[in-house]
Amino acid sequence: MTKKPKLPIRILVYCILSIILVMINLPFIWMLVTSFKEESDVFAWPPKFYPTIFSFDNFRGAFSLIPMGRLLLNTLFVSLAVTISQLVFNSLAAYGLSRFKFRGRDFIFYLLIGTLMVPGEVIIIPLYIIMRNMGLLNSYGSLIVPFMTSAFGVFLLRQFFMGIPKELEDAALIDGAGRLKILWKIILPLSKPALFTSALFTFLGRWNAYLWPLVAINDANKQVIQVGLSQFSGDWMTQWTWKMAATTTAVVPIIIFFFFVQKQYVEGIRGIGIKG
Amino acid sequence: MKRKAKDVLIGWLTIVPALSTQIMFIYIPLIWAFYISFFKWNMIRPKRFVGWANYEKMLTNPDFWHSLWVTVVYVLGTVPVAIIIGLMLALLMNMDWLKGKGIFRTGFYIPVITAMAAAAVIWTWLFQADYGLINWFLSLFGIKNIGWLNDPDYALTALIIVGIWKRVGYNMVIFLAGLQVIPKVLYEAADIDGASNWAKFKNITWPLLTPTTLFVTVLQIIASFRVFVSVDVMTKGGPLDSTRVITYYLYESAFENMKFGYASAIAVFMFALLMTLTLIQFRVSKRRTFYA
């Protein structure tokens with residue numbers, strides 16, 4: 001590992017990695033190619049490996065069948081609402097759990113962390129009933145309210161807050177600043193990387209969510225993109241060029257987004273090694 | 001003194017939103033799931049207490065055992081391969097002289113951040129029997145059209161391939177982190193002794209990576225045990241129930257057959273199983289932090 005191997009071996013390693021890189025991303029390449037094909041080209045054998053139409057006809061077609069714009073906006077709205085709510089409430093709780101001493105604090109911490117052991121599908125039936133009783137079923141509320149806070153986010157931020165030296169706050173406390181002001185003026189500005197990472201996990205987690213929206217929403221106009229896309233694609237009558245155009249619309253923005261944030265995201269995964 | 005009392009109050013208040021929502025939307029539903037599992041209930045007629053009947057029905061129902069079996073096959077098919085490929089990629093990516101690491105890492109990671117639902121739609125297209133890319137590729141080697149998602153013998157294999165594809169990048173990142181904490185001095189010492197690459201891997205890398213490997217293994221077993229999205233999008237549990245994994249069975253029992261009591265018994269079973277795995281995971285991650 002320490003010695004630099006000979007040139008042929010290095011070239012071989014680059015080749016292997018490049019081939020795997022292309023193979024892993026082949027589904028996305030094929031999705032893009034298909035979304036710019038004529039319908040008849042889909043049935044070509046051997047397949048055509050290049051786009052045949054350089055227009056957005058397939059996208060227009062797909063958009064005429066499902067309200068793509070609406071679905072994307074629904075998902076964006078729900079994901080952002082959950083992310084913002086979690087940033088606020090998770091950092092509050094994390095601050096309380098890392099800076100205040102009171103009886104039962106550790107118990108509460110473990111109680112919160114314990115929820116990480118409960119998989120979503122196990123509680124999906126009672127959650128469905130609760131949402132029905134609250135009158136939130138089939139509304140954005142059902143996609144937001146149960147996810148307003150998360151133990152994972154509290155845990156992540158608490159770890160970070162505990163690493164911030166207490167001395168920074170002491171001076172402000174002596175000056176008579178309130179606790180919440182300290183959180184807002186001192187702790188949060190120092191915690192930007194942790195806040196960003198946790199917001200990223202939350203946002204992508206909500207954006208990619210599937211099972212719960214599938215159960216909670218049955219109005220096509222309130223649905224999220226993932227469920228809407230899969231229902232659209234489940235119809236075998238629809239042509240593949242249109243399906244791939246719709247999928248491209250759903251997938252490409254997130255991949256581009258990921259290129260910009262990948263560093264923080266991967267660092268986060270590495271640091272915690274919990275969430276995927 | 002007054003300040004202290006006020007502090008305690010504020011301390012409590014900061015926790016209230018998180019604590020109350022977590023109790024309301026996780027602990028209460030969890031207890032409720034146990035409760036419902038003792039009733040016969042379709043949400044239309046009032047529920048009727050049936051004792052352990054749902055559990056008896058579950059444990060004597062071949063459908064339940066079948067779904068458990070399908071899930072176990074899926075887990076065994078997905079996890080080891082995804083871990084081995086992830087480890088190999090991490091070893092290649094850990095070379096000091098390698099340039100463009102960022103590009104490779106990002107590229108390998110794209111499937112992990114892509115929504116499974118969207119990925120599953122693409123894979124359905126790739127697995128099409130007649131005009132799919134995969135069958136075209138196989139035809140180059142003289143392999144005749146495989147039915148994949150329409151063939152009970154191949155549908156689960158198709159899902160396993162998708163599962164591996166989705167997880168490899170994540171494993172790679174975790175392994176890379178594990179590799180980077182192995183002290184370089186060990187390799188230098190081995191170099192002086194003239195050790196071969198294989199000897200270095202066998203005697204240094206692999207043993208010191210054990211905590212990471214254990215951690216990734218348990219984590220991936222839990223994750224793939226919960227597989228649902230690819231099944232719902234690609235096969236709906238078919239053909240001939242060959243891909244009806246346990247989460248899909250739970251979903252079907254509850255939201256298609258309206259047997260909420262019975263489905264809750266399945267949920268409780270899943271909880272017990274995943275809980276056991278999670279406790280193992282906690283053990284393992286404690287060891288991991290100890291080493292790292």
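In the predicted model, the centres of domain 1 of chain A and domain 2 of chain A, taken over C-alpha atoms, are separated by 34 Å. The domain assignment of chain A places domain 1 at residues 12-55 and domain 2 at residues 66-272. Where these two parts touch, eight residues of domain 1 of chain A are in contact with eight residues of domain 2 of chain A, and the side contributed by domain 1 consists, by class, of four nonpolar, two polar and two charged residues.

Between the chains, 77 residues of chain A are in contact with 79 residues of chain B. On the side of chain A that touches chain B, the greatest contribution comes from helix 13 of chain A, which spans residues 240-272 and supplies 14 residues. When that side of chain A is sorted by class, 55 of its residues are nonpolar, 15 are polar and seven are charged.

The largest nonpolar core comprises 150 residues, among which Ala117(B), Ala120(B) and Ala267(B) touch the most other members. Helix 7 of chain B, covering residues 155-180, gives the most to this core, with 14 residues, while domain 1 (12-55) and domain 2 (66-272) of chain A each provide at least three residues to the core.

Definitions and conventions:
Residues are numbered from 1 along each chain as its sequence is written. Chains are lettered from A and ligands numbered from 1 in the order in which they are written. This is a predicted model: local features need pLDDT of at least 70, side-chain atom pairs count only at pLDDT 80 or more; totals for chains, interfaces and linings use all residues. Two residues are in contact if their C-beta atoms, placed from the backbone, lie within 7 Å. Helices (H or I, at least four residues) and strands (E, at least two) are DSSP runs, numbered from the N terminus. Ala, Val, Leu, Ile, Met, Phe, Trp, Tyr, Cys and Pro count as nonpolar, Asp, Glu, Lys and Arg as charged, and the others, Gly among them, as polar. Domain bounds come from an automatic or database domain assignment. A nonpolar core is a set of buried Ala, Val, Leu, Ile, Met, Phe, Trp, Tyr and Cys residues joined through C-beta atoms within 7 Å. A residue is buried if 20 or more other C-beta atoms lie within 10 Å of its own, exposed if 12 or fewer, and partly exposed in between; C-beta atoms are placed from the backbone.
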